[in-house]
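Let's go through a structure together and check each label against its cut-off. Have a look at it before reading on.

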Amino acid sequence: MDTKWCTGCGQDKSVSEFGTDRRRADGLARQCKPCVNAAALLNRRKRLAGQGRVVQEAVPAEGPIENGKKCPDCAEFKPIEAFGLNKQNRDGRAFYCKICARRRSQQGYRDRLARQGIVVREKYDVPPGHKRCPTCEEIKPHTEWHRAKVNADGFASECKACRKVRSAREHLKRSYGLTPEDVRKMFEFQDGLCAICVEGPAEHVDHDHETGDVRELLCFNCNTLLGKAGDDWRRLQRAEHYLLWHKLGHIPVAEGLRRLQVVRRGLTGGRSRGMRSEVKCQ
């Protein structure tokens with residue numbers, strides 16, 4: 001039997017035009033190869049149409065096949081070198097040109113991730129000597145970036161301004177467990193003034209160095225004052241009395257020393273080494 005009747009096109013064709021099918025008695029498919037390919041293409045179009053996608057029609061090549069080929073996507077006739085290798089095709093070249101194949105591959109990658117709920121960052125045209133910051137979405141020159149050898153371009157992932165803001169946020173969270181919004185509320189509650197002197201700007205977070213509990217916002221001078229005193233209220237109280245007695249300039253020196261000795265005894269529970277020499281001199 002050299003011919004067989006095709007159930008698809010209804011014609012008698014040579015057995016060489018039929019594919020193999022071991023389930024059949026004659027070992028050949030019921031439809032010829034062109035009918036099988038047409039049915040497969042139709043099913044593919046229906047499947048992609050259900051996904052909202054459209055299959056482009058194949059465009060026949062113009063000109064001799066050995067000199068070039070026409071890309072069905074961009075509809076341009078290009079040299080054969082503009083197409084990638086594909087041994088499955090008769091000409092040994094890809095169906096689309098390299099440019100269109102790359103674009104279709106990228107678009108397919110984005111569509112697959114979009115179905116998973118993942119958004120791929122778009123590419124932007126950045127002039128030489130510049131870089132786009134993904135945080136502020138601005139294109140800035142390389143002078144606005146820190147160096148980073150771990151990245152391919154040798155620059156950090158964020159610009160200096162965004163990195164400064166992020167570092168400040170991370171410092172507040174790591175050191176005090178606060179956010180910039182929490183600090184802003186504290187600033188508004190204190191009317192922007194230091195909790196101690198009520199004069200300087202409230203710009204520093206004060207906390208207990210032993211327990212780590214956050215107290216209030218202080219100015220630079222008051223925050224430094226507590227830090228130098230080691231949060232020792234007794235030392236600060238003695239400093240208060242020290243300034244108070246020395247401000248009273250009309251009191252004689254001897255009388256002032258005696259009163260200061262009484263105050264110090266009341267605070268420390270005894271005389272210090274410096275006071276012993278003062279008492280002997282009196």
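**Checking the labels**

Q: What makes Tyr 96 a buried residue?
A: Buried means under 20% relative accessible area, exposed means over 50%, and partly exposed is in between (1.4 Å probe, protein chains only). Tyr 96 has 17%, so it's buried.

Q: Why is Phe 95 called partly exposed?
A: Phe 95 comes out at 40% relative accessibility, so it counts as partly exposed.

Q: What kind of model is this, and what do its values leave out?
A: It's a predicted model, where local features need pLDDT of at least 70, side-chain atom pairs count only at pLDDT 80 or more, and totals for chains, interfaces and linings use all residues. Residues are numbered from 1 along each chain as its sequence is written, and side-chain values use heavy atoms, with hydrogens and water left out.

Q: How many aromatic pairs does a search of the whole structure find?
A: It finds one. The ring centres of Phe 95 and Tyr 96 are 5.0 Å apart with planes at 85°, so this pair is edge-to-face. Rings of Phe, Tyr and Trp (its six-membered ring) pair if their centres lie within 6.5 Å; planes under 30 degrees apart are stacked, over 60 edge-to-face, and the rest tilted.

Q: Which charged end sits over the ring of Tyr 96?
A: That of Arg 104, 4.2 Å from the ring centre. The label needs NZ of Lys or CZ of Arg within 6 Å of the ring centre and within 35 degrees of the ring normal. Lys 4 also has its charged end over a ring, that of Phe 18, at 5.6 Å from the centre.

Q: Why does Lys 13 have no salt bridge?
A: A salt bridge is a side-chain nitrogen of Lys or Arg within 4 Å of a carboxyl oxygen of Asp or Glu. For Lys 13, which is buried, the nearest side chain of opposite charge (Lys and Arg count as positive, Asp and Glu as negative; His and the chain ends aren't counted) is Glu 17, 4.1 Å away.

Q: Why is Ala 75 called partly exposed?
A: Ala 75 is at 45% relative accessibility, so partly exposed it is. Ala 75 also has a positive phi of about 55°, although it's not a glycine.

Q: Where does pLDDT stay under 50?
A: Over residues 271-282. pLDDT is the predictor's confidence in each residue, from 0 to 100.

Definitions and conventions:
Contact means heavy atoms within 4.5 Å.
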